[in-house]
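The exercises below are meant to be worked with the sequence and the coordinates side by side. Try each task before reading its solution.

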Amino acid sequence: MTAFSKADILLPKLDDKGMEKWSVVACDQYTGEPDYWKKTAEIVGNAPSTLNLILPEIYLEQPDCEQRIEKINDTMTDYLNGDLFAEYKDCFILTKRTQADGRLRAGLVGAIDLEQYDYNKGSKSQVRATEATVKSRIPPRVKIRMNAPLELPHIMILIDDPQNTIIEPLLNKTLKSVYDFELMQNGGHLSGAVVDGKDADSVLAALDKLSDKSAFNKRYGLDNEEVLLYAMGDGNHSLATAKECYEQKKKSGSPDAELARYALVEIVNLHSPALEFEAIHRVVTDVDVDDLLHKMTEELGLSDSAEQNFTAIIDGKACDFGITKPTSNLTVGSLQTFLDKYLNENGGKIDYIHGENVVKSLCGAPNTVGFLLPSMTKDELFPTVIKDGALPRKTFSMGHANDKRFYCEARIIKK
């Protein structure tokens, strides 16, 4: 058996209009846009909603954070006691997300076994982080989850299934629909169906086949490497938080430990045509640009071009460079490793920027340099994580904010 399994899944007993207010975007989106969350609250009003069960990260540093968490837990209990939910036992939920651009992203909601997940760099577990986990981000999130009776996932995990053997065969099945509604705020459309019985067994059998160790090693040109079957896409710190809560409950002998051992997630095929990787660029400020480039040339062997290439924006002008002494499988890894070391030793600040034009607009200022990075291809993700371990934070982005996962399903995690 692989780390992904069927689960007992809760869904609210609401009509389509009710579901539109129930489902809101992942808590780590629109962190610089309070108007988005204000508008969301206006849309929801007093209706049952996942907005009342999550803590948008825009409020994480607010002085009333503790009170918000208490209210979330109380609301979870009220919803559970108020006969809001229907429970679908021992199943998966097949999701069909029509994005704002019209493309369909299919996924499968189930439980991931946290015993088979290790987010530390160099991990050989079946479930691994794709980007560096910032451990300081975990404790505040543990406060939210530790005493919560419910979990609601915005976690998306990728599988590398180019032959479309896991999720895609379900799209042609006649399955029981459990929701079908428009998402708020230009989020697109979401529908879901129950996958159980023989259909669920077929999923598990196909995952077992994909996890075959000899086939895995042959596919990636490896020699006796442990299988990486599930690679984090979105929600890395949420899964790390679930892992920490589980480890604490297991250590203390909590009666909730067995429930806490699993986390509800959605798996998505890396090869879904709706899934695109976008580069995240860097802007470094408050530095001696000449000194930074001089030391970078020494350490990374900068030249006009090489297998790893990037563009630096200096005084508003673009300069192309190649890295002849890479320290990572990806350009972003080699560059980030150097920048982390340089900034630690010399001071300065780094910002992570989406969009080339934004970088260019910021880099006319003194003591500022921007780095435009190539997008990572889908085929590079699994081999790079296998070779290098977790990538630097902010290596890649999957889609725009309004295409991120919306909360819908829930699961009981406390007796």
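**Exercise 1.** Which residues in H9 are buried?

*Solution.* The model is a predicted one, in which local features need pLDDT of at least 70 and side-chain atom pairs count only at pLDDT 80 or more, while totals for chains, interfaces and linings use all residues. Residues are numbered from 1 along each chain as its sequence is written, and side-chain values use heavy atoms, with hydrogens and water left out.

Step 1: locate the element, bearing in mind that helices (H or I, at least four residues) and strands (E, at least two) are DSSP runs numbered from the N terminus. Helix H9 covers residues 289–300.

Step 2: apply the cut-off, where buried means under 20% relative accessible area with a 1.4 Å probe, protein chains only. In H9 this selects Val 289, Leu 292, Leu 293, Met 296 and Leu 300. These residues lie on the same side of H9, because they cover an arc of only 95° around the axis, the arc being that of the directions from the helix axis to the C-beta atoms.

Step 3: find the partners, with contact taken as heavy atoms within 4.5 Å. The buried residues of H9 pack against several elements, including strand S14 (281–285), helix H10 (331–346) and strand S19 (368–372).

**Exercise 2.** Where is Cys 363 found, and which residues does Cys 363 touch?

*Solution.* Cys 363 is in the loop between helix H11 (356–362) and S19, and it counts as buried because its relative accessibility is 0%. Leaving aside residues up to four places away in sequence, Cys 363 touches Val 283, Ile 313, Ile 314, Asp 315, Gly 316, Thr 368, Val 369 and Gly 370.

**Exercise 3.** Which residues line the largest cavity?

*Solution.* On a 1 Å grid over the protein atoms alone, a cavity is a set of points where a 1.4 Å probe fits but cannot get out, and lining residues have an atom within 4 Å of a point. The lining consists of Thr 95, Arg 97, Arg 105, Tyr 179, Leu 190, Glu 266, Arg 405, Phe 406 and Glu 409.

Terms used. Expected span 1.5 Å × (residues − 1). Buried < 20%, exposed > 50% of the residue type's maximum accessible area, 1.4 Å probe, protein only. 1 Å grid on protein atoms, 1.4 Å probe; cavity = no way out; pocket = protein on both sides within 12 Å on 5 of 7 lines; lining within 4 Å.
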